Amino acid sequence: MAVLSKIRERSMFLIIIIGLALFAFVLDPSTLGDFFDSSKVNEIGEINGEAISRQEFANELEAYKQQSGGRISEMQAAKTVWDNIVRKKIYKNQLEEAGITIGEADIWNEVINAQFVQSSPEYQNEAGLFDEAKFKQFLATEKENNTALWSQWSSYMNQIRDNSERNTYNNLVTAGLGASLKEGEIAYMIDNVKLNAQYVYVPYTSIADSLVKIKKSEVEAYIKENADQFKVEASRDISYVQFNITPSAEDEQAIKDNMVSLVEDFKATENDAIFLSENNSDSNLNPNFQFKSGVNQEIANQLFEGNEGDVVGPYKDKNAFKISKVLEVTQMPDSVRASHILIPFVGAQRVAPDVTRTEEEAKKLADSLLSVVKRNTNKFGDLAKEFSSDTGSGEKEGDLDWFNYNRMTPAFRDYTFTGKKGDMDVVKTPFGFHVIKIDDQKNNQKVMKLATFSAEIVPSEATENEMFRKAEEFALAVSKENKYFEVTNEKNYIARPVVGLKSLDENVPGLGNQRQIVSWAFSSDTNVSDFKRFDLEGSYVVAFVTGSEEKGLMSVEKATSTVRPILTNEKKAAMLKDKLKGADLESIAKANNESIRTANNVTLKSPTLSGVGVEPKIVGAMYNAEINKLYNSIEGNRGVYAFKVTNKEMPTALPNYDASRKRIAETRKSSTFKMYEAIKNSSEIEDNRALMYTN
């Protein structure tokens with residue numbers, strides 16, 4: 001009954017839908033199937049007519065995220081996976097059009113010839129040689145049981161296929177890339193022909209921009225004529241006001257006052273670790289000795305003038321208040337020089353694969369070596385070279401050179417810094433047993449063990465509620481008349497603009513990774529002038545949509561800043577051309593109140609005119625000009641020119657231009673990435689990933 005009730009409630013909606021479908025059928029019967037066909041809903045995109053299903057994309061996305069170990073964001077993974085799919089489909093399509101197929105035998109041969117497959121004991125026969133039949137049986141078993149291992153092998157073989165298709169196509173194309181000797185000669189000339197010229201230059205800046213009028217229709221026409229330069233993805237512009245939840249002066253004082261109330265109890269406690277835990281300290285008990293240079297310098301003198309049991313603080317250290325209690329005072333060097341012989345055992349950290357001795361055997365060997373060196377210290381160096389697994393220090397007779405307190409693993413450090421020069425003993429660390437000899441110590445000084453209670457300075461609940469209230473009041477004020485900027489100015493808030501957000505972006509400038517804001521901006525329910533409050537980590541944000549651009553050509557409003565200077569210079573050039581007509585450079589210069597300039601040793605490779613800048617159009621015109629012939633009204637990047645070439649110095653002719661030819665050919669062969677981009681740009685690619693990631 002509940003279902004029938006729902007149908008009755010939505011009967012009008014169903015009638016409209018069916019009516020539209022029948023109307024479409026009357027116009028074109030084939031559209032009826034399309035109307036109810038859900039296959040498009042399950043597509044994430046299309047490449048040269050081949051659909052990419054959501055399932056295919058999702059499977060590859062999940063595999064890639066597992067492979068990356070969660071070290072990459074969702075949007076970064078989605079971009080990489082999509083790019084990989086596009087590349088794979090494009091290369092496969094190109095090979096199919098060329099009639100080339102990468103066979104299963106090609107893939108198999110590459111798999112079984114991989115070094116890690118050949119050398120794996122699991123796939124070797126009794127003679128220690130690779131057994132292809134064993135490997136086939138292994139894969140067949142994994143495939144039959146559909147194990148995770150089979151999934152990895154299948155992915156690996158697919159990757160080999162993709163790489164083979166890409167490499168095969170690239171190799172076929174690059175094999176046909178080369179260069180002729182004539183191209184080599186032309187390149188040599190371009191690099192080495194030197195031009196001397198005289199010219200008159202009238203810059204575009206000589207005409208005020210205010211004298212040039214650019215119509216909106218002219219900008220629009222330019223965009224259409226140069227459509228490739230103005231293709232854009234869908235984008236959104238937003239503005240936001242951020243309400244940061246930061247501790248107030250009252251919050252700081254309350255935390256400090258609470259710290260003061262704990263001082264006497266901290267002095268009296270006999271178990272500092274429990275005291276820190278029970279009072280929710282943000283720092284744990286530090287078991288290490290601390291040097292005066294390593295503690296907060298504002299209270300260092302006070303601490304190091306104290307005795308065991310003294311408490312110093314509260315004091316502010318970065319973003320926390322602290323109180324420190326002196327637990328132990330002693331003398332210790334700030335650096336030590338020592339030598340060691342490291343004897344590892346199975347299970348120790350960073351142990352070499354060939355180590356087979358047990359922990360007991362390692363301890364016995366270390367004790368034996370200690371006995372030897374205690375009887376004769378001179379043998380330490382030779383024994384280090386022979387027995388130490390630390391080959392770096394072993395080659396230096398076990399010498400570790402000078403090191404400070406924080407460099408070595410704790411047990412090693414404690415022995416060398418609390419012992420005295422000449423001491424020798426065996427010390428166990430996670431890396432094995434060390435036979436240690438303390439060679440020297442320096443800068444003996446006072447050190448302390450400290451128990452430090454720490455309370456991070458964080459905003460109180462009252463402060464957070466205040467920021468929430470301000471954000472809510474702002475959002476409410478905007479909602480009344482939808483006057484975001486007026487309310488912002490009235491309350492003296494800072495509105496931060498963000499221009500050109502893309503549908504798959506996740507970073508919002510100034511806020512970091514805030515995918516939720518991007519998704520909202522691109523939601524089908526969100527329009528220009530809509531706003532929303534977001535609860536972020538450490539702040540509240542009220543965002544407002546200020547602009548929307550759909551996929552296609554850039555709007556006139558956004559393109560104007562780019563197009564206006566171009567059209568302005570074109571119009572200025574037309575205005576200047578008549579001024580640069582004359583019988584000779586002298587008369588042209590005089591008419592324009594300009595001087596005749598000279599250009600010496602200019603080349604096409606470096607088309608720069610001294611005092612003007614880079615002018616490839618003008619230098620190109622000079623390169624093809626006749627000697628001493630006047631050329632009028634030539635448009636450049638920076639102004640309009642009249643010039644004559646006074647000398648063209650040709651380089652020494654070479655016996656042949658093979659070296660130049662080879663350079664051109666190698667450059668072309670190494671530019672397969674450009675080739676792929678060219679194929680990609682000419683392909684029909686429909687990317688609908690945004691549908692998966694926006695509401």
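Colleague: How do the residues lining the largest pocket divide into nonpolar, polar and charged?
Modeller: The lining has 9 nonpolar, 9 polar and 13 charged residues. Ala, Val, Leu, Ile, Met, Phe, Trp, Tyr, Cys and Pro count as nonpolar, Asp, Glu, Lys and Arg as charged, and the others, Gly among them, as polar. The model is predicted, so local features need pLDDT of at least 70 and side-chain atom pairs pLDDT 80 or more, while totals for chains, interfaces and linings use all residues. Residues are numbered from 1 along each chain as its sequence is written, and side-chain values use heavy atoms, without hydrogens and water.

Colleague: What makes a set of points a pocket and not a cavity?
Modeller: On a 1 Å grid over the protein atoms alone, a cavity is a set of points where a 1.4 Å probe fits but cannot get out, whereas a pocket is an open set with protein on both sides within 12 Å along at least five of seven lines. Lining residues have an atom within 4 Å of a point.

Colleague: Which residues lie nearest the centre of the largest pocket?
Modeller: Of its 31 lining residues, these are E233, A234, K551, D687 and R689. Helix 5 gives the most to this lining, with 4 residues. Helices (H or I, at least four residues) and strands (E, at least two) are DSSP runs, numbered from the N terminus.

Colleague: Which helix gives the most to the lining of the second largest pocket?
Modeller: Helix 9, with 10 residues. By class, this lining has 4 nonpolar, 11 polar and 7 charged residues.

Colleague: Why is E328 called partly exposed?
Modeller: Buried means under 20% relative accessible area, exposed over 50%, and partly exposed in between (1.4 Å probe, protein chains only). E328 has 33%, so E328 is partly exposed. E328 is found in strand 8 (residues 320–332).

Colleague: How do you know what E328 is in contact with?
Modeller: Contact means heavy atoms within 4.5 Å. Beyond neighbours within four places in sequence, the residues in contact with E328 are F289, E308, V447, M448 and K449.

Colleague: What makes a set of residues a nonpolar core?
Modeller: Buried Ala, Val, Leu, Ile, Met, Phe, Trp, Tyr and Cys residues must be joined through side-chain atoms within 4.5 Å. The largest such core has 36 residues, of which F57, F135 and W153 touch the most other members. Helix 5 gives the most to this core, with 10 residues. Apart from it lies another core, of 19 residues, including L195 and Y641.
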